[in-house]
Amino acid sequence: MRYIIWGTGGAARKFLNENLLSFLACGEITAVVDGNPQKAGQSFFGKTVILPEQAARIPYDRIIICSTFHREIVWEAAQLGLDTDKMVSMLEMKKEIARYYLETCRITEKRILVLGDSKHQLFPVYKEYFQHFSFLPINELGKLGEQEYDYILLTELSNTGFNQASDDELTLQERVICCLDNMYHINRQIILPSSTFMMIYANSELKVSYGEAYPDKTFLEIRFMGYAGWGYIFHVVSRNILYAEQKGYIPVVNMMTCRNTYLEEGELGKVNAWEKFFDQPAGYTMADVMRAKHVILAPQEQEGAYENRGFYQKLVMKPRLQEMFDNYMKTFYAHGRTLGVLYRGTDYANLKPYNHPVQPTLSMMLDKVSEKSKEWGLEQIYLCTEVEEAVSAFRERFGDKVFCYPQMRYSEDCSDYLGTLTFGRKEDAFYRGADYWILLNALAKCDSLVAGQCGGAHMAMEMNGGKYRHIYQFDLGKYGVAKR
C-alpha cells in the first residue's frame, strides 16, 4: 500500500507519531503534501514536502488527509485531477487498517508472541483478545529462536536498553524493530508495534449476538482497554453515547466483563463498575445486553463529529457519590478564586510510557506555578496530584495558600501502573474512583489552570467548558519519540 500524507501541521504530526509504524507495516509513505509554499522542500518524517500540484506525479493507493480542512482539500485535489475516492480521513485510515488485520489477516486467530513488558497495563487485554498467546520479556531476546509465532506484538516499552538518547530520529519501538530485522532477520511485515494493536482494538466495530431477547433493538456495548482512568473512560463513553443516539442504538457501558481500575478483587464478571458511580445512559444494563439478539461492540474511537459537549452535565451520579461530591464542593467553594494545578508523577514519570506526553518535573511545576500565580493575580492554589512528596513541596513553597482534596497518595518513586495498585482498604477501587471524579470536578471549577499534558488535564478542560480565564500547559514532547 502506497500512502500520500496531505498536511504537515500539528494534526499530521500527532497522527504520524502515533501511527507511522502501523502504516509502514502495510506499505510505504510515497509523499508528503502541503499547500503552503513556504513548507515546500522541507523535511517531514523523512520525506521532502511537495506542493499539491506535484502530487499527480506520485504513485499512491491512499491519500490521507491529516488536516481539519477536509472539504477544502478534497475540492482542491479534484481540481488537480487526483482520485478523490482514494482520499480518507485519519480515522477512516485507522479503521481501514484495523479491518485489514481483522478480516484479511484474521489476526485474533493467529499465534501471537507478545514481546516487551508484562507490567504494561494492556497485558491482560492481550491475553483476552488473542486465542493463541505467548510472552517473551524484551531482555530475553536471545530466546526468540525457541518461540513459535505468526506475529510479534510489541508492548509499550519503558526503561529498557532501547530507551536511550540517540542522534537519530528513530522512535523507541523503531529501534526494537531494527534490532529484530538486522540481528534476528525477522520479516518486518509480521512485527506489530503497540500502536497497531491499539488501532485494531480501538477502531473495530463488531456485531455479536448473546441471545434472542429484544429482537427489535440494537445495543451499543461500550467497553474499555486495560486499566484506564476516568479521563479515557469518559472520552470513549461520551462520544459513543452521541454515536448511539444518531444511529438509533441503545448505549450500555460495560465495566464488568473486562478488568478495569474500578473493580474490586473478585468483582470481575459480577459487578459493573460504572454502576457504582453513575446511572446507565439509557436505563438498560449489561443484564439486558447479555440476553440481546443484536449487539454492537463499540469502537474506542469516533469521529470528531461525535464530540459530546453536554456529556458531563447529563451524567447522573449514584446517591452515595452525589453526597460525597456535594460535601466536598462546599469546602472547595469557600476558597474563592483559585489557581488549579495538576501534577502527574509516579508511574507516568518513572515508567515513561512510550508515545505519551513527557511530564514536567516537580521543580519545573513549582517554578511555573510561582510565575503564573503572580502574573494572574491568584493567591489560592488548588493542587491535584497523586504524589505525596509534591504536596509537601508545594506547602513548603507556598504555605497555607495550598489546599488539596483529602485523598490517599503514592510515593514519588512508585514505578507500577497506578491502575493496578490498591491501598489495601475496604472498597479501595470505589474510593479511588470517587476521589478522582470529585477532585477533577473541583479542578474544573478553578479560575485558571497550570498542568502537564495528560488525560486528567484534558478532562478538566472539557468539564470546564472553556471558562478558564488562563491556561498554561507544558509541551515537552513524548517519551521515546523524537521531535521531527
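Modeller: A search of the whole structure, which is a predicted model, finds 33 aromatic pairs. One of them joins Trp230 and Tyr262: the ring centres lie 4.5 Å apart and the planes meet at 20°, and because planes under 30 degrees apart count as stacked, this pair is stacked. Trp230 belongs to helix α7 (residues 230–247), whereas Tyr262 sits in the loop between β13 (250–253) and α8 (274–277). The two residues are 32 residues apart, and their pair thus links distant parts of the chain.

Phe278, like Trp230, is buried.

These contacts belong to a wider group. Ring pairs link Trp230, Tyr262 and Phe278 into a cluster that also includes Phe234, Trp274, Phe277, Phe311, Tyr312, Phe430, Tyr431 and Trp437.

The packing of helices elsewhere gives further context. Two packed helices are described by the angle between their axes and the distance between the axes. The axes of helix α3 (residues 90–104) and helix α6 (residues 194–203) come within 8 Å and cross at roughly 95°. Since angles of 65 to 115 degrees count as roughly perpendicular, α3 is roughly perpendicular to α6. On the α3 side the contact involves Leu91, Lys94, Lys95, Ile97, Ala98, Tyr101 and Leu102, which meet Thr196, Met199, Ile200 and Asn203 of α6. By class, this contact has seven nonpolar, two polar and two charged residues.

Helix α13 (residues 362–376) may be examined in a similar way. At 1.5 Å a residue, its 15 residues should span 21 Å, and the end C-alpha atoms are 21 Å apart, so the two values agree. Among the buried residues of α13 are Leu362, Met365, Leu366, Val369 and Trp376. The buried residues of this helix pack against β15 (338–343), β16 (380–385), α14 (388–398), β18 (448–451) and β19 (470–473). Just after α13, Gly377 adopts a positive phi of about 70°.

Note on methods
Residues numbered from 1 in each chain as written. Predicted model: local features only at pLDDT ≥ 70, side-chain atom pairs only at ≥ 80, totals over all residues. Heavy atoms only, no water. Helix = DSSP H or I, 4+ residues; strand = E, 2+ residues; numbered from the N terminus. Expected span 1.5 Å × (residues − 1). Buried < 20%, exposed > 50% of the residue type's maximum accessible area, 1.4 Å probe, protein only. Contact = heavy atoms within 4.5 Å. Axes fitted to C-alpha atoms, helices over the stretch in contact; angles between N-to-C directions. Parallel < 35°, antiparallel > 145°, perpendicular 65-115°, else oblique. Nonpolar A, V, L, I, M, F, W, Y, C, P; charged D, E, K, R; others polar. Phe/Tyr/Trp six-rings, centres within 6.5 Å; stacked < 30°, edge-to-face > 60°.
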